[in-house]
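Here are my notes on the model you sent over.

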Amino acid sequence: MTSSTAHPYPQLLNPLDLGFTTLKNRVLMGSMHTGLEDIPGSHERMAAFYGERARGGVGLIVTGGFMASQHCLPEGAVPAFEQDGEADKHKLITDAVHDEGSKICLQILHTGRYSRTENLIAPSPVQAPINRYVPHEATAEQIESEIEDFVEFSAFCQRAGYDGVEIMGSEGYFINEFIVERTNRRSDQWGGSYENRIRLPLEIVRRVRARVGNEFIIIFRLSMLDLVEGGSSYEEILQLGLALCEAGVSIMNTGIGWHEAQIPTIATKVPRAAFTWVTAKFRDQLPVPVVTSNRINTPEVAEDILSRGDADMVSMARPLLADAEFVIKAEQNRADEINTCIACNQACLDHVFNGQLTSCLVNPRACYELDLNIEVSETKKNIAVIGAGPAGLAAAVTAAQRGHNVSLFDSAETIGGQFNLAKRIPGKEEFNETIRYFQRQLEIHNIDVKLGQRVTTQQLNESNFDEVMIATGIAPRTPEIDGIDHPSVVSYIDVISGKIELGKKVAVIGAGGIGFDVAEYLSHAGEASSQNIPAFMKEWGIDMTMESRGGIEGIEAEVKPSPRDIYLLQRKAEKLGKNLGKTTGWIHRLGLMKRGIKMISGCEYQLIDDRGLQLMAGNEPKTLEVDHIVICAGQEPLRELCEGLEKPFHLIGGADVASELDAKRAIDQGTRLTATL
Ligand code: FAD
Ligand code: NAP
Ligand code: SF4
């Protein structure tokens with residue numbers, strides 16, 4: 001970097017002076033529970049994970065949430081601060097980060113009524129709609145003990161070399177539950193008036209500050225928009241924010257939405273930087289640096305936010321799973337090399353909720369820093385990769401990184417495979433970022449790319465390639481239904497690629513990921529609200545003036561109805577979309593339901609003719625009088641190339657197994673297999 005004024009991201013890279021310490025830039029890596037916390041070798045693996053992000057230039061890292069209370073931890077588990085030798089183990093993490101010139105705070109989390117234990121406590125016994133356990137009302141003694149846990153854990157963090165702590169006060173967790181009447185029905189000094197309801201966060205911050213002294217960062221994650229009925233008002237949040245600063249907070253972080261809120265806040269459908277207007281309403285009022293968050297995934301977006309003055313720092317979490325070198329690439333004017341987070345949640349949040357280790361769809365190394373290393377190969381090979389979809393792209397780039405000579409072929413005129421369809425779905429435009437990233441990697445690694453070339457087995461047999469990676473993807477499955485050759489029957493590929501204009505009444509056969517996406521595509525009237533922040537807020541009933549409690553109370557959502565009658569069908573008798581992503585499936589379902597899409601399960605397809613589609617639903621015969629029937633009935637592997645192939649070859653992605661294939665598996669397989677070639 002020559003001079004900060006000439007740099008495209010001067011605000012982002014501007015140091016932040018906290019008085020007693022200075023952060024080297026405005027990037028805060030937001031807290032993520034990765035699952036590394038709970039597995040053998042956890043401290044070494046966390047040291048590698050956070051150390052790599054520190055080396056990548058992040059100014060301030062916040063760890064995943066650690067729980068101090070026996071009312072959140074699994075039965076028999078002991079909090080870190082009560083374990084002998086635990087501070088030394090955490091020093092592995094803090095040293096790894098400090099060695100790279102970055103700083104790190106540990107997040108202390110009390111999950112309150114969201115705790116997955118029978119022993120859970122909350123201000124009042126009000127059950128969360130997303131938890132099967134009813135919380136016990138915390139006694140006055142228990143509340144005192146919880147506060148002390150925060151204090152003891154903070155002192156532990158200081159011993160372990162952390163630069164500070166983040167106190168999790170948002171997302172509808174314990175502290176947040178005390179703040180609002182929705183969950184706090186108490187009449188003692190911890191409930192009733194607003195002053196009483198905010199006593200808990202203030203006591204925690206005051207006592208932590210008293211214990212750790214002045215030269216220790218205290219970040220408070222303040223819920224600035226609850227997105228639930230009975231949430232806080234703007235005036236209340238401001239009052240609390242000011243009091244927290246008075247009590248000793250050094251940095252105020254933004255929390256958007258309780259976990260139980262029925263509004264998407266980070267999924268790919270949410271526009272980039274959708275919620276920075278919320279932080280902006282508090283920034284000038286609060287005397288400490290304020291951090292904004294949610295769907296900030298490129299340095300340009302981050303720079304815009306800071307230049308507009310919406311915040312003093314930006315928090316990014318998933319983008320640093322996707323690319324540990326995000327900041328350093330921005331710093332070195334290599335932003336076009338950043339592997340952008342596409343906000344799919346498939347390998348991060350979905351994994352957390354399924355009890356699996358977090359990783360990243362576009363970066364399978366995330367959280368596998370000690371296992372998945374791309375090392376230069378001792379023997380240089382000539383490798384052909386056939387198919388430039390996600391699997392082939394990942395394989396080609398990995399092979400080139402290992403020093404092999406790589407030629408990449410695709411019969412299409414562009415790289416990207418099915419991602420070229422995915423990116424056309426409203427709300428999935430981010431998928432284009434992955435194609436952009438790989439395009440740049442192909443250039444950087446001098447990969448010989450041959451587009452518009454359908455490769456044959458004979459060509460491969462006659463070539464000088466040492467090994468062949470077959471990444472030819474899939475062919476859509478054609479179900480056996482009487483009348484399937486009727487002219488009203490069309491494939492999802494032709495529909496999404498815009499080759500066919502559909503009529504006003506459409507049936508979609510198959511309600512997997514693609515069936516849902518086709519319904520989404522067909523139910524939009526050409527407008528895309530996915531990058532239009534005011535349109536998104538209207539669609540989900542969010543009040544941008546913040547005059548309503550929780551940002552939603554009394555606000556009617558304004559949903560544009562579908563321009564077509566759409567039936568989404570499946571044979572299974574279960575709820576449609578059951579196998580969609582754990583943390584995003586509900587958004588797809590709710591979005592379609594709001595636009596009036598009719599979902600029918602338990603279908604037996606009988607006949608397609610000029611009248612439309614005849615089927616049995618349950619035991620009821622039905623005729624859907626539709627103009628078109630779109631087939632989204634799954635896929636079969638496409639791998640004829642293997643027949644008679646005389647070169648050593650490997651099948652990856654859809655060409656290997658088409659069933660339940662997604663890009664996560666395609667990229668992971670392409671990368672891992674090639675890492676060992
Ligand atoms: P493909 O992407 O199918 O690529 C195969 C490539 O091989 C193609 O480019 C093809 O042209 C080329 N090819 C085939 N035969 C030859 C030949 N003989 N010579 C040269 N080239 C050849 N996945 C997710 O994880 N999340 C999502 O949200 C998601 N959404 C999707 C939405 C839609 C609308 C669609 C269609 C798919 C979506 N997917 C999603 C699925 C994901 O795109 C696929 O799992 C992934 O693309 C599979 O990668 P692949 O490399 O195996 O195959
Ligand atoms: P899919 O998820 O396997 O769904 C196929 C659908 O077709 C199912 O609803 C299935 O349900 C139906 N079906 C299967 N065989 C049939 C037959 N012979 N006749 C009629 N119906 C049949 O496949 P997909 O939707 O094509 O998606 C492909 C992959 O892309 C998926 O595995 C998915 O992971 C990925 N993808 C993911 C997302 C995402 O948001 N994460 C989005 C798009 C795609 P019934 O058998 O009950 O009818
Ligand atoms: Fe982002 Fe998807 Fe990777 Fe999660 S899995 S970090 S949402 S790209």
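1. Which oxygen-bearing molecule lies 3.3 Å from a backbone N or O atom of Gly512? That would be ligand 2, through one of its oxygen atoms, a polar contact in the sense of a pair of N or O atoms within 3.5 Å (within protein, one must be able to donate a hydrogen and the other to accept it, and residues adjacent in sequence count only if both atoms are side-chain atoms).

2. Some housekeeping: this is a predicted model, where local features need pLDDT of at least 70, side-chain atom pairs count only at pLDDT 80 or more, and totals for chains, interfaces and linings use all residues. Residues are numbered from 1 along each chain as its sequence is written, chains are lettered from A and ligands numbered from 1 in the order written, and side-chain values use heavy atoms, leaving out hydrogens and water.

3. Back to ligand 2. Polar backbone atoms of Arg571 and Leu661 each sit 2.8 Å from an oxygen atom of ligand 2. On its own ligand 2 exposes 900 Å², and the protein buries 78% of that (Shrake-Rupley areas with a 1.4 Å probe; for residues, only the protein chains shown count as cover).

4. The shell here has 22 residues, each with a heavy atom within 4 Å of the ligand. Helix 18 gives the most, four residues (helices are DSSP runs of H or I, at least four residues, numbered from the N terminus). Domain 2 (382-475 + 641-674) and domain 3 (478-525 + 560-633) both contribute to this shell, so ligand 2 lies between them; the bounds come from an automatic or database domain assignment.

5. Now ligand 1. Backbone contacts include Gly654, 2.7 Å from a ligand oxygen, and Val455, 3.1 Å from a ligand nitrogen. Taken alone ligand 1 exposes 1,000 Å², of which the protein buries 91%.

6. Last, the domain 1 (16-345) side. The C-alpha centres of domain 1 and domain 2 are 39 Å apart, and 13 residues of domain 1 touch eleven of domain 2, contact meaning heavy atoms within 4.5 Å. About 1,000 Å² is buried between these two domains, 48% of it from carbon and sulfur atoms (accessible area, 1.4 Å probe, lost on putting two parts together, summed over both). In domain 1, Asp336, Glu337 and Ile342 lose the most area to domain 2, together 45% of what that side buries.

Terms used. Helix = DSSP H or I, 4+ residues; strand = E, 2+ residues; numbered from the N terminus.
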